[in-house]
Amino acid sequence: MYSNTTYLLAVFVFGCSIIQAKVCDVTDYGARGDSFTNSTSAIQKAIDDCCSEPGNAVYFPPTSGANKAYVTWPILVSGPHCNGLTLEIDGNLSTHANISTWPGETPALLLVDSVNDLTIHGKGGINGNGTSWWNVRRVKPATFAPFLVLVRNGNNVSVSGLVLQDSPKFHLVIKSCKSVALRYIQIYAPVNSPNTDGIDLLSSDNVYISNCHIDNGDDNVAIKPGTSNVLVEDSTCINGFVSNVTVQNVYFSNTQNVARIKTWQGGTGYVRNISYNGIVAHDTRGTVLIDQYYCPHSQHPEPCQNSTKAVKVIDITFHNVTGTHVDLYAGQLLCSDASPCSNVVLSDVHLERTFAPETDAWNCWEVHGTASNVSPPPCSMNFEKADSLNFHTNK
């Protein structure tokens, strides 16, 4: 076991001086992984103590059993003095199940703010005990609920190896960060848990997601406004859906949506240079979907009105997308009258409905692009006769 006087073997050499990196074991500060003791203060003290020199690490030893955890309320890693910090989580963390004692609208159980060169890794997990939150939000969807992990305003961020489970809301949120690697992360929540996105990216750049397994109740991976240069590959997504993201070599099983781009009516800006490549779908819904009429009742109870403004959707590629689907259409490309989609490319796309495959079809509106080697033929048009097609049928 590490202790707070233990030092890593690695050293940093500056001239003739040697700086040893300290490891702060949370149990040496009073944390107890017994699923009973409130360890918030002890964990925070360990973090604050280790935020003194770059390269220091906060260590969460394995808990005594699979069902044991360090119980905590929100913990904070904040400020440039924490640059270079590592959180090594080999034990399990869990928040309290009693939501009435959550401190105000603190945004996340683990909040990391304005820290560069951050590493969060380990063989443990973080459990949000979200059931009570979900019960409230099913009745009142606008009710506040915290994220499990929020990392914002940082550069060179790495998160790997952890199991994130049953968040009250989104599991892992990356906001206003640059150069982010998310690898070998497992995320779990029941299929009927509301708004339990797996990974959400906001206003971030250069994000790499690989070898992740996400099985949850909402977006598996959601890329939101201001985000660019994202690659998701070699991952498995189950029951949720992926939206607005570049995806490569990903397997989807029984998901609500797969290669999906959705925009609100009346929005501004653009979605462009998005590609989906090497997608394998098994009994999915919304396998290929562009929806510029997105307006869910849960977020917009009043009737949605048509708008003369729309987000521009351009340069979208769906390549090598294969498998089976269980909904009415192989794909839907539903673009705005005000701002039709342009340069949408379908190539080597082969999807088959598991029932009545002979009537399988596409549904399109105001989408412009090209198609080659696609089955069923997009929007009942003979794509083999032209290099460039104007897909256009009734919604």
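The torsion about the S-S bond of C335 and C341 is about -100°, so this disulfide is left-handed. The sulfur atoms of C335 and C341 lie 1.9 Å apart. C335 is buried, with a relative accessible area of 0%, and C341 likewise counts as buried at 0%. The structure is a predicted model, and a search of the whole of it finds three disulfides. A disulfide is a covalent bond between the sulfur atoms of two cysteines.

| Disulfide | Distance between sulfur atoms |
|---|---|
| C24 and C50 | 2.2 Å |
| C51 and C82 | 2.0 Å |
| C335 and C341 | 1.9 Å |

The link of C24 and C50 is right-handed, with 105° about the S-S bond. This pair joins distant parts of the chain, 26 residues apart: C24 belongs to strand β2 (residues 17-25), and C50 to helix α1 (residues 40-50). C24 counts as buried because its relative accessibility is 0%, under the 20% cut-off. C50 counts as buried at 1%.

For C51 and C82, the torsion about the S-S bond is about 110°, and therefore this disulfide is right-handed. C51 lies in the loop between α1 and β3 (57-60), whereas C82 lies in the loop between β5 (75-78) and β6 (86-89), so the pair ties together parts that are 31 residues apart in sequence. C51 is buried, with a relative accessible area of 6%, and C82 counts as buried at 3% relative accessibility.

Two further residues can be described in terms of accessibility. C177 counts as buried at 1% relative accessibility, and C212 is buried with a relative accessible area of 3%.

Notes
Residues are numbered from 1 along each chain as its sequence is written. This is a predicted model: local features need pLDDT of at least 70, side-chain atom pairs count only at pLDDT 80 or more; totals for chains, interfaces and linings use all residues. Side-chain values use heavy atoms; hydrogens and water are left out. A disulfide is a pair of cysteine sulfur atoms within 2.5 Å. Helices (H or I, at least four residues) and strands (E, at least two) are DSSP runs, numbered from the N terminus. Buried means under 20% relative accessible area, exposed over 50%, partly exposed in between (1.4 Å probe, protein chains only).
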